[in-house]
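Take a moment to turn the structure around before reading on.

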Amino acid sequence: MAYETFYSDLVCIGAGLAGERVAVEAAAAGFKTILLSLVPPRRSHSCAAEGGMQAALGNCAMGEGDSPDVHFADTVKGSDWGCDQECARIFADTAPVAVREAGHWGMPWNRVEAGKALCFKGGVCFEVDEKPEKQGLITARAFGGTAKWRTCYTSDGTGHTLLYTLDNKVTELGITVHDRVEAVSLIHDGETCQGLVARCLKTGALRVYLAKAVLIATGGYGKLYSETTNTVINEGGGQIVALDTGLVPFGNPEAVQFHPTGVVPTNILVTEGCRGDGGTLLDVNQERFMHIYEPEKAELASRDVVSRWMMHHIREGHGVPSPYGPHLWLDIRHLGEKHITTRLREVYDTCRHFLGVDPITQLIPVRPCHHYSMGGVRINKDGYAYGLKGLFSAGESACWDMHGFNRLGGNSLAETIVAGRHIGRQLVEYLKGAEATLRTDLARQAVAKDEARIKRIIAGSDGKESVYEVRNAMQQVMMEGVGIFRNGTDLQKAVDDLQVIYARSKKVGLKSSGIGANPELAMAIKISGMLRLALCVAYGALQRTESRGAHAREDYPARNDRDWLTRTLAYWRDENGDLPQLEYEPATKVFHLPPGDRGYGKCEIICREEMSE
Amino acid sequence: MSRQLKFNIFRYNPQDPASVPHADTFLLEETPSLTLFIALNKLREEQDPSLMFDFACRMAICGSCGMVINGRPGLACRTLTSDLPAEITLMPLPVFKLVGDLSVDTGTWFRATNSKIESWIHTDQEFDPGAAEERMENALAESIFELERCIECGCCVASCGTANMREDFVGAFALNRMARFIMDPRDKRKDADYFEVVGTDQGIFGCMGLLACEDVCPRSIPLQDQLGLLRRKMGFIALKSIFKRKG
């Protein structure tokens with residue numbers, strides 16, 4: 001058993017925006033940092049973020065009077081009071097600095113152009129007068145669930161451009177990058193994380209990284225679902241290795257977001273910026289409907305609310321029939337050619353290339369589909385993972401938790417570099433005080449265990465189940481039972497089915513040889529872990545007998561602040577068990593904004609006892 | 001009537017001593033709106049699970065899936081089989097090191113090249129968290145974004161006559177990247193600094209003007225214009241320095 005070992009102060013698993021932002025902070029402070037990534041960092045899912053990132057700069061006319069306080073309030077309401085308000089506060093306060101810093105590093109943010117301009121809201125044209133003194137400052141567009149125009153952007157390629165800006169910074173600092181490397185397990189002694197075992201996706205060889213600190217920044221777990229905007233690499237790798245320690249909890253696994261405008265049938269995202277810039281949703285009669293359900297916010301209510309009304313409208317028989325099932329229309333035609341080909345350039349390309357639709361003259365077929373994971377590796381406000389010293393997390397992979405049960409559009413891209421900046425600084429403080437005794441014996445044991453498991457998979461010692469059939473079965477169950485609308489009966493069935501599929505996943509055997517960068521083996525190594533995550537999501541959703549944000553229970557339609565103003569902590573303590581252990585903690589220790597009405601997505605609220613009078 | 005598609009796919013696993021480079025043939029029934037992303041995944045899941053290829057975003061913005069499709073470099077994810085004949089030949093991109101089958105190591109190549117051309121904003125100015133941002137005209141931000149849209153898929157490099165002949169040529173992607181920085185007032189490098197990096201045979205003067213890069217760029221980046229402008233600028237600097245030396 002020969003394997004290569006790499007030593008570092010910090011190892012970041014994942015080199016999207018959050019991982020790179022943390023790495024920049026650590027490397028700039030002089031700590032040796034290695035970035036691991038499934039793909040070359042610039043191909044990370046961060047590049048798919050389109051519409052922008054929220055930061056209360058208040059430069060544009062429609063953002064006048066904005067402040068971190070207003071951003072904070074929007075974020076808490078968006079979360080349906082499920083968020084940790086201390087984190088939401090740090091986030092809203094830091095976002096403007098992070099935006100300007102990215103600008104300093106070369107991000108070509110769109111800017112304020114002084115003078116009168118025509119804008120749209122809900123299909124209706126109105127005039128905006130941008131002030132001359134704001135000329136050339138960073139501008140913003142409207143997004144759902146926000147009181148002000150606050151989403152800073154570079155056309156609709158904001159994630160791509162920001163990721164390239166950050167990766168340029170990583171290149172400038174000479175940070176070591178190992179791409180095509182996949183984490184297999186964490187190395188720890190029950191108290192402290194020592195590093196990880198990883199598999200090289202170029203050669204198939206196992207290797208060891210030993211470090212004073214490990215950061216998980218692997219993004220979400222969207223591939224538990226078949227219909228998702230997520231890239232093929234968002235398989236929950238970071239959450240799997242953390243959960244598998246039995247010590248680190250998976251926070252709010254059931255908090256899963258469905259985006260209103262996935263393109264039918266490919267589930268490619270078209271940005272919320274379409275609606276932010278004045279696009280409308282139309283039904284089979286090509287009539288607007290969102291203003292009927294949400295008189296105040298209409299198309300720009302939060303994503304959970306818009307997605308639910310869209311599915312409701314389809315269920316009522318107003319969907320457009322298609323070979324891929326009923327869908328609705330997104331209409332941006334009235335925004336005009338110039339706007340679409342400059343500010344919504346990617347949407348323009350995507351529609352033409354993948355749908356054969358020209359959005360300047362034609363309607364875009366859309367339907368809600370899975371989009372974002374609010375849940376993740378539970379960390380405290382400074383990024384420390386619960387349960388294991390030396391382990392950190394940031395970005396979508398983490399449950400920090402500023403999103404609670406629904407994330408606002410524009411707040412995830414913002415979280416990557418805001419949390420990355422904040423947690424990076426805390427991590428530097430940790431590294432300054434950390435003396436590690438790196439245990440090569442633990443590494444050897446971990447490699448031996450992983451290697452033995454891999455050998456059994458290759459040989460088919462435990463069975464000959466097809467990994468792809470197992471994965472497809474899991475994705476189907478998640479779509480059917482743990483989707484936009486949930487209920488006890490379907491969730492129980494989902495949990496039961498997933499347990500059966502989980503048992504099958506342990507009997508996966510390869511059809512191919514498994515030699516080298518074998519893709520079947522890569523999937524087979526993580527399939528059981530993916531099922532453990534799926535079980536956490538489904539079981540967490542079953543136990544949460546209320547509706548909050550994106551977690552909508554048809555059998556418990558009220559938001560229950562009396563019993564459920566909590567965060568789920570899912571542990572997988574029993575290696576041989578087939579259910580997680582669920583614990584709960586208060587959603588937030590501090591209330592800057594007490595629970596109340598969101599102002600959209602009306603639902604009954606069961607109040608906390610001390611507040612019920 | 002749906003077509004029966006015949007795929008000829010390059011196969012080689014460098015990690016397997018028993019493997020030799022060859023082509024495998026696969027048959028697949030064409031379905032409506034079939035892309036090479038869906039087709040290749042079907043082949044892997046239903047016919048040969050060892051088949052290696054790369055996808056991530058499957059929406060033409062991550063640049064993972066560049067390959068040679070019937071002789072032409074392109075992004076597999078957004079290639080519809082309906083735009084191709086019934087016989088489809090897939091090869092890995094040349095220039096880059098082969099990982100296996102259709103998968104190539106673009107990551108190492110691009111990182112090394114970005115490092116070589118110093119693809120970052122050079123400035124002595126410290127970031128001041130308390131200060132308002134420096135102003136910029138929106139039109140300039142949009143022009144920078146136009147060039148920043150490159151996704152480093154490698155199609156321009158794979159289709160480039162020079163890059164296929166000399167290993168140290170930085171490729172159209174890098175020259176476009178330099179044009180982006182030259183345009184950006186936040187980058188304080190001087191003409192001579194840019195010349196140092198791309199005013200060479202590894203840089204702009206290695207370009208033979210064949211411009212396949214422009215033809216295959218899936219992002220429609222105006223590479224021809226950028227290469228032309230850069231050649232003129234660098235040529236001018238070269239001439240100036242000759243006269244300076246003589247004077």
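Predicted model: local features only at pLDDT ≥ 70, side-chain atom pairs only at ≥ 80, totals over all residues.

Let us now follow the helix itself. Helix α14 of chain A covers residues 488–505, which makes 18 residues. From the first C-alpha to the last, α14 reaches 25 Å, close to the 26 Å expected at 1.5 Å a residue. Several of its residues are buried, among them A:Leu491, A:Val495, A:Leu498 and A:Ile501. The list of buried residues also includes A:Gly488, A:Gln499, A:Tyr502 and A:Ser505. What do these buried residues of α14(A) pack against? Their partners in chain A are the helices α13 (467–481) and α15 (519–543), together with the strands β19 (485–486) and β20 (552–553).

A:Lys493 forms a salt bridge with A:Asp497, and the closest N and O atoms are 2.8 Å apart. Both residues lie in α14 of chain A, four residues apart, which is about one turn of the helix. A:Asp497 is partly exposed, because its relative accessible area is 25%, and partly exposed covers the range between under 20% for buried and over 50% for exposed.

You can find a related arrangement in another helix. A:Lys432 and A:Glu429 form a salt bridge, with 3.3 Å between the closest N and O atoms. These two residues are three apart in helix α11 (residues 411–433) of chain A, so about one helical turn separates A:Lys432 from A:Glu429. With a relative accessibility of 56%, A:Lys432 counts as exposed, whereas A:Glu429, at 48%, is partly exposed.

Next, look for A:Asp462 and A:Arg456. Their side chains meet in a salt bridge, at 2.8 Å from N to O. Here A:Asp462 is partly exposed, with a relative accessible area of 36%, and A:Arg456 is partly exposed too, at 40%.

Finally, step back to the whole structure. How many salt bridges does the structure hold over all chains? The total is 73. Some residues are linked in a network of salt bridges, including A:Asp80, A:Glu254, A:Asp304 and A:Arg308. Other members of this network include A:Arg544, A:Glu546, A:Arg548 and A:Arg598.

Conventions: Residues numbered from 1 in each chain as written. Chains lettered and ligands numbered in written order. Heavy atoms only, no water. Expected span 1.5 Å × (residues − 1). Buried < 20%, exposed > 50% of the residue type's maximum accessible area, 1.4 Å probe, protein only. Contact = heavy atoms within 4.5 Å. Salt bridge = Lys/Arg side-chain N within 4 Å of Asp/Glu carboxyl O.
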